[in-house]
Amino acid sequence: MYEQIARNKRRTVLYTALFVLLWLAVGAAVGDLVSAYSTAPQGSPAGHDVPAGIAVAAGLAVVAVLFTVQSGTGLVLRVAGARLADPRRYPQLLHLVEALALGDGLPTPAVYVVDDPSPNAFAVGVSPAHAAVTVTSGLLAMMDREELEGVLAHELSHIKNYDTRLLLFVSTLIGMAGLLAGMLWRTAFFTRSRGRSGAQLTLIVIAAGTLLALIGFVLGPIIRLALSRRRESLADASGVELCRNPEGLISALRKLQANDRPLARLNQATAAMCIDDPLRHHAGSLRRLFDTHPPLADRIAALERMARGLSV
Amino acid sequence: MLAIVIVIIVVLLVVLTAAVGFNALVRQRNRTREAWSQIDVELKRRHDLIPNLVHTVKGYAAHESGTFQAVTAARAAAITAGASADPAAVAGAEHTLTRTVHSLLAVAENYPALRAQEGFLALQEQLTATEDKLEYARRYYNASVRDYNTAIESFPARLAAAPLGFQPGVFFQSDPSERDAPVVDFIAPTRPLAG
């Protein structure tokens, strides 16, 4: 288990470094564009704005990383539309989270609720000391105490294993890259209004398109790998180890399996954090490769094997 | 000259290893103490909830005085045992308290008006939550005691642990006689029995 935690911390650093490199490359490209096409007089050495582009991009990257540490958790919660759980309205939920945190020797995470009829839950946080568990009102309506305990144990395991830190970094960085691409698009329109050449416009549009493609085809899969299907199974296993009752989680996953409503407010970035993939719902084997989660049926089967192991 | 350097390096390494090992033991011992204090917090909360519960049930079932007396006596015994901070004594007294509280709740089951009362429901949820937390705090405490005991009994720490005052920790058993009893299911009607 400690090995898993160390590996997650290492991967966080690795993905952040990859992102920074990508960002620096974009900075260099923009610098190159600027020096080649705009203010520079004819004949000046090409690419003298490249170091400036890299410096600006590096500054932005540092800001992005600091921002993730400082307010990434809050951002994810806001995007999901989560509200702090009211102790008078959700006493059972809060009690269960407190109890499970005691069992892992973790500080009690903040507990949030999203008003959404689709049952789901996710955990975020840079560290166990600054973590939050979020459940949808649909989950609360659907699960009994034992099932809720199983789901919450799964989420706390993500926090304990530092899955949440890894995912938070990867998701926020992807959000930032999307922002950057959007800024490039706007630059394209802005420059057109100033009557710049068509070639320059095309280049900026291509740069923005490339960035968007990178987000879609490179960073998207990284998210899926970041909290791979194995990590979900691991959280299932260590969640059961924590609450010593596989039946609760098994029965909760069965109910999720029967549920068909997709979750509206969660996007690509937060999908990987959920207990049940809110985007694709349990498709056949072909789509499996691209899923953030193993099929629920496989997870239930694995838990049932554990249940038999425990009772023997 | 070289020999002296080697001797110094070896001595430094030994001192460093001993210091790191000693600090690890201190850390683990403190973890077991912290885990114990978590158990203590939950036990105290339960002791505080019980008079309220007795008072509420009394309003509906005043004639069940035997049950009330048993609960009150068990609570007093548990508080006395708690002052000793000896896990074995605390476990015994708390187990008796758990049994009497559950028989009190069984009495309450016979009074639908009481069961429907909001104050009683809130008390019951708090009691269930406290027992849940107690159970989780107990597991964490026992896991840290196990790790700590393994550390002080392993070579070479076991040579120095006892002289340096590292005494083995005592496990906290939920029930000294019958372990793994599903105590929580009994008082949580919302929770289906196993399965």
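In this predicted model, four strands of chain A form an open sheet of mixed pairing, in the order β1-β2-β4-β3. The edges of the sheet are taken by β1 (82-84) and β3 (121-127) of chain A; each has a single partner strand, so one side of each is left without a neighbour in the sheet. Direction ignored, neighbouring strands of this sheet are turned against each other by 30° on average.

A hairpin of two residues joins β3(A) to β4(A). The two strands run antiparallel, and six bridges join β3(A) to β4 (residues 130-136) of chain A. Within this pair, A:Val124 has A:Ala132 of β4(A) standing opposite. Although β3(A) stands at an edge of the sheet, the strand is mostly covered, with five of its seven residues buried.

Helices of chain A pack on this sheet. Helix α2(A) lies across β1, β2, β3 and β4 of chain A and runs at about 165° to β3(A). Helix α5 (residues 145-160) of chain A also packs on the sheet, where it touches β3 and β4 of chain A, and its direction makes about 25° with that of β3(A).

The sheet belongs to a chain with 12 helices and four strands. Chain A has 312 residues, of which 43% count as buried. Among its contacts with a separation of 6 or more, 71% are accounted for by residues 24 or more positions apart.

The domain assignment divides chain A into domain 1 (2-79 + 167-208) and domain 2 (81-164 + 228-311). Between them, 15 residues of domain 1 of chain A are in contact with 17 residues of domain 2 of chain A. On the domain 1 side, α1 (2-37), α2 (50-80) and α6 (163-193) of chain A each supply at least two of the touching residues. Helix α2(A) gives the most to this side, with six residues.

The chain averages a pLDDT of 76, and 72% of the residues score at least 70. Among the elements of chain A, strand β2 (residues 110-114), part of the sheet described above, has the highest mean pLDDT, 93, whereas helix α11 (residues 285-288) has the lowest, 41. Two stretches of chain A call for caution. Over residues 40-47 of chain A the pLDDT is below 50, and this stretch has five contacts in the model beyond near neighbours in sequence. Over residues 281-290 of chain A the pLDDT is likewise below 50, with eight contacts in the model beyond near neighbours in sequence. Where pLDDT is low, the predicted coordinates should not be read in detail.

Chain B is built of helices, with seven of them and zero strands. Along the sequence its pattern reads α-α-α-α-α-α-α. Of the 195 residues of chain B, 29% count as buried. Residues 24 or more positions apart make up 76% of the contacts in chain B that have a separation of 6 or more.

B:Arg139 lies in helix α5 of chain B. This arginine, B:Arg139, counts as buried because 20 C-beta neighbours lie inside 10 Å. B:Arg139 and B:Ala35 are 104 residues apart along the chain, yet their C-alpha atoms are separated by 9.3 Å.

The two chains meet at an interface in which 16 residues of chain B are in contact with 14 residues of chain A. On the chain B side, α1 (2-58) and α5 (118-153) of chain B each supply at least two residues. Helix α5(B) gives the most to this side, with eight residues. The side of chain B that touches chain A comprises eight nonpolar, three polar and five charged residues. Helix α5 of chain B therefore holds the buried B:Arg139, and α5(B) also gives the most residues to the side of chain B that touches chain A.

Notes. Residues numbered from 1 in each chain as written. Chains lettered and ligands numbered in written order. Predicted model: local features only at pLDDT ≥ 70, side-chain atom pairs only at ≥ 80, totals over all residues. Contact = placed C-beta atoms within 7 Å. Nonpolar A, V, L, I, M, F, W, Y, C, P; charged D, E, K, R; others polar. pLDDT = per-residue confidence, 0-100. Buried ≥ 20, exposed ≤ 12 C-beta atoms within 10 Å, placed from the backbone. Domains from an automatic or database assignment. Pairing = 2+ DSSP bridges. Axes fitted to C-alpha atoms, helices over the stretch in contact; angles between N-to-C directions.
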